[in-house]
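Work through the exercises below with the structure open beside you. Try each task before you read its solution.

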Amino acid sequence: MCSLGVFPAPVTAAQTLLERNNELLSALHPGEHPQTHEPLSACVSVPRFLAVGSACVLALLRWASSFHGSLFPHLTLSSDEMVAEFSQMLDWSDSALRSFAWHPHTDKFAVALLDDSIRIYKSNSSATPTLKHRCQRSVCALQWKPLCGSALAVACQSCLLIWHVDPTSLSTRPSSGCAQVLSHPGHSPITSIAWSPTGSLLVSASPVDTAMMVWDVAAESAVPLQRVGGGGVTYLSWSPDGSRLLAATPSALFRVWETRMWTCERWPCLKGSCQVRKLRKLSITVFELMYAFIYFFKLTFFSQTSWDPRGERLAVLLKGDSQAVNHPSVIAVFKTRSSPVFELLPCGFVMGEAGAEPRFMQFHPHFQHGALLTVCWSDGRISHVPFYFSSAGLLGGDSPQQALASNTADHSSNKLYTEQIS
Amino acid sequence: MAATAIYSYAWLVPLALWVLLIAWSVLLLPVTAAVFVLLSRFSLFHPIQWISECTSLLTASSTIFSLVVLCGVVLITGLFNLEFYTLVPSIPCSRMALLGTVLHPRQCVHSLVYCTMGMLVMWCASVTIGGRYSTLGIPCRGSGFNNCIPVVTCLNEYHLFLLLAGAFMGYSHSFLGVVQNMYYVSFQPIQQYKYPRFKGCLPMVVKCSVIQSLYSARNFAALYFFFGYAPKTWISSTLHLQIDSSLQPLDSLTGLLDFSLLYHLTISGTFLYFTWYLTVLLFRIYVTEAYSFPVQSTFTEDAEQCLPKVLAETNTLVMKFFALQDLALLSQHSLSRRLEVFCLSQPGGHPHNWNAISRECLSLLSELTQRLVAHQDAVASNGRVKSQSASSDTRSASLSSSGKTPRLGVPLRTPGSVFKSSVGGVHSALTAPFTPDVDSPFSSPAIRRLVGQQEPRSPWFGTVQSPHIMRRGPKLWSASTGSSRFTVIPLHGLETPVNSCSCHTLNCSAQVKSFLAKRVLIVYLFNKLPEASSQALFADSQVHIWALQGLSHLVAASFSEDQFGVVQTTLPNILSCLVVLLEAVDRHFKLPHASSKPARAVCRMGDSTYKTLRFALRAALKTAIYKITTTFGEHLNAVNISTEHRKRLQQFLEFKE
């Protein structure tokens, strides 16, 4: 049992730097931030009346043509509003940073900016390639292909782009010939993409399309997996061992697909609309955990969770109230332990500079000394907050992820949850 | 004994498949027929009359008879699917080769049968629609004398129009089957149960058949407008039917601009195409269903059906495909079966399973490497790929019938046989061994280097019997008969002839070539289609992709699951094989046209996956190497491989590929 009251009180107007000796340390002088990037400038150029007019017409057409239009109110939104609604980035439409993704294996990350360009930062190289493509508009999600050094999938308004950025090249403007354009009629805007952990398949989802697409990227062919109900698919996440895929819908329903024969089972949400946005580990404990969250906290303002790869720190982005003055969005960090019993202990709040609110966060996929939380702030900064601790799993010699993978590796005997229960 | 079991099994699978397929198609037939009836009799203003008419029509005896005829059509379509389907597409390398395929006797029989079936279906459709379409002969008033007008039988042009449209659609289906490789069956990237997959593909089939029917209707209307007179008079003269002059003839503009006629033509065409496409779809779904082989068996009589034995099976291509697919699946999804692969044999303690599987996969991959290297050598020695005029259908034609498909052997697979020139003979046999033009302006620097020292002294070195060239000669597939290359003409005029006789022959051939090169049509027909050679090289790469996936996942899994260290002994082999293949693939993608993407087909029933298989193979290869390097990490330094390969693998370890 845990509540926010147990947390140490957040130090206001002080940026959280790191965790050491089980304490979150803050900097009182905001000048000394070695791990803070410069604010990323971005310019806005939108022909307003044209965009609004055509968006209205399109929304009307879509509403008229779609059978679900009357049942699912999100279909009446314009394309941009829909992306803003279902994007992982909070306040997507006026955020300087549109999306962020760490590379799963190396120290590099990609950032999508407000002007629809994407920049790639590497740890030991000053070259930052900028990716621009005429189809690259309203970037909603980014993800690097696992087991690959170069491929980056970009979910855009009208299509899916696969960039092949040569890691050894020094060019700062890769040509648009390096990008593959994948599109399927009726499958836009794309708000979520997910590579399978083996890198062989890419799944994309759109809130207006009840089918999610399973792409064979090299062949540029897609297999639609259609399930009526829910009115679309907004969020996708693979389990780390690749055996299951979570697909959330705009309504109070989400599906869990098993990825061997691609059958699914429906999970209706218990309380109102499904706020389960980010699941780090798709296993029974996680679902129990999520239910525990929803049950204990009744957090309707609960927006994102991110779990570090070792499973020892859990960050939760609590969405603030934009109307009220004293309710900014904050990030609460928990210490978690999954054996012998599941434990959840408060660690503290991660604070940014004064006036800056967190918009997005992600753990570094393979930080050596503990966990590294990367936070995108509303003022366009990206900060990395390290959590130094010695992992309990490493002492045993086996990383928990491997243990998890080997535990659930025999998928043929893996039943869906309801089958296990019944 | 065991061998016969395999063969009978291999023969039984398609039979059972066919029966299932036919059962499904026949079951679906009444549904499509009912929809067709509803659509064909559609009237907006009399809905009740429309429904009642349709129900009475559906139970009428003529409809039942039509259904029986349609069942026969479906049966024959199923037979043709079974006979013609292929897992390795035939890729014609020039327009001439395509023409040859279309005019092949087998294909002619196919076209003929499909024309007949098209007419049959259209006859059923016209009977079902009824009204003015129902019969070929209608009573009409002939031209009589003295007010006594006899009632004679006239030709019903509407009926004839539909029948001819059926024949036309049948032929275009058969023709497009060749052009679009309709009978090529590709495997999906994901596994699905049959029913969800069928449901998912059904909208695509409906869309394709509507679009194809609209195209065919347009083309047929145009054709009938120009040439409709000929069949009309022929039919009327042979059957002694008169042509009613009071009616508007259909081969005129006003006759064709009849909305109801065009609507019925399109609807019937959609019905026709839908029946055929549905059979193709069902066939694809049934044939690509994954099959699970046991890894090892306790009984010796079942040993022949175990995965290692089936993998090594060379006679049945289908079995090989299934076995490799199963290997790829088990390596990713099944812990217990992986453990069986890694286990040791009970008496003796040998890792027979792993040895057999890895040997087979490695031989497949190294065979692909050899094929690529041979192709690169050939291209390098010519400066460009010669215009291949033959297609690979020598191979795929024999591959098509499922039961007795030949092995994936080297003699069958070398591009030499793929691109074997059919119009050879311009070059004399005398010059043949040295043809690939060491003297051509595009000759490879490697060959130039080989003979480089003689270059200044003897300008014409066709007769130089260098052992290197002699050894290379037979290996180069393009060296055999390089006749069909019309564009590159070696210039000998400036050089001093040493051997006047053979030089004369060369000059003659050059003249013939330059003469032919000026004929536009011939150039058009014989010029190589871009990308075709690349596509043909990777035509069967699905097996290589599965082999790569299976190997890499097994090796990665062995890191934690292999208790006896079985995999470690073959790890150096596997790594070097993968790196060598990667180098060959990288070099292949530097060739012209190899890395250009094909245009995406809009809506076609024909499967064009084979066009992108080379990209899929490259991606699968890199993923496979990454899978191994990320799993083993620094441990790879302890593996005994050559320095260059280690350097390449280091790139992978640093994620710089």
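The model is predicted: local features need pLDDT of at least 70, side-chain atom pairs count only at pLDDT 80 or more, and totals for chains, interfaces and linings use all residues. Residues are numbered from 1 along each chain as its sequence is written, chains are lettered from A and ligands numbered from 1 in the order in which they are written, and side-chain values use heavy atoms, with hydrogens and water left out.

**Exercise 1. Describe chain B as a whole.**

Start with secondary structure. Chain B has 26 helices and two strands; these are DSSP runs, with helices H or I of at least four residues and strands E of at least two, numbered from the N terminus. Next, take burial. Of the 657 residues of chain B, 52% count as buried (buried is under 20% relative accessible area, exposed over 50%, partly exposed in between; 1.4 Å probe, protein chains only). Then look at the surface. Its accessible area in chain B is about 29,700 Å², with 65% on carbon and sulfur atoms (Shrake-Rupley method, 1.4 Å probe; for residues, only the protein chains shown count as cover).

**Exercise 2. Find the domains of chain B and describe their interface.**

First, the bounds. Domain 1 covers 1–288, and domain 2 covers 300–379 + 530–654; such bounds come from an automatic or database domain assignment. The contact involves 30 residues of domain 1 of chain B and 26 residues of domain 2 of chain B (contact means heavy atoms within 4.5 Å). Now the distance. Taken over C-alpha atoms, the two domain centres lie 43 Å apart. Then the area. The two domains of chain B bury about 2,700 Å² between them, 71% of it on carbon and sulfur atoms (buried area is the accessible area, 1.4 Å probe, that two parts lose on being put together, summed over both). Last, the charges. Zero salt bridges are found across this domain interface (a salt bridge is a side-chain nitrogen of Lys or Arg within 4 Å of a carboxyl oxygen of Asp or Glu).

**Exercise 3. How many salt bridges does the rule find across the interface of chain B and chain A?**

Begin with the area. Chain B and chain A bury about 2,800 Å² between them, 60% of it on carbon and sulfur atoms. On the chain B side, H333(B), R600(B) and F655(B) lose the most area to chain A, together 24% of what that side buries. Count residues next: 29 come from chain B and 33 from chain A. Now the answer. The rule finds one salt bridge. A salt bridge joins E220(A) to K597(B), with the closest N and O atoms 3.7 Å apart.

**Exercise 4. Locate the nonpolar surface patch on chain B.**

List the members. They are L223(B), F225(B), F226(B), F227(B), L253(B) and L257(B), with about 680 Å² of accessible area together. Patches take residues with over 30% relative accessible area and no salt bridge; like charges are joined within 9 Å, nonpolar side chains (Val, Leu, Ile, Met, Phe, Trp, Tyr) within 5 Å. Helix α7 (residues 194–227) gives the most, with four residues. L257(B) sits in the loop between α9 (253–256) and α10 (259–287).
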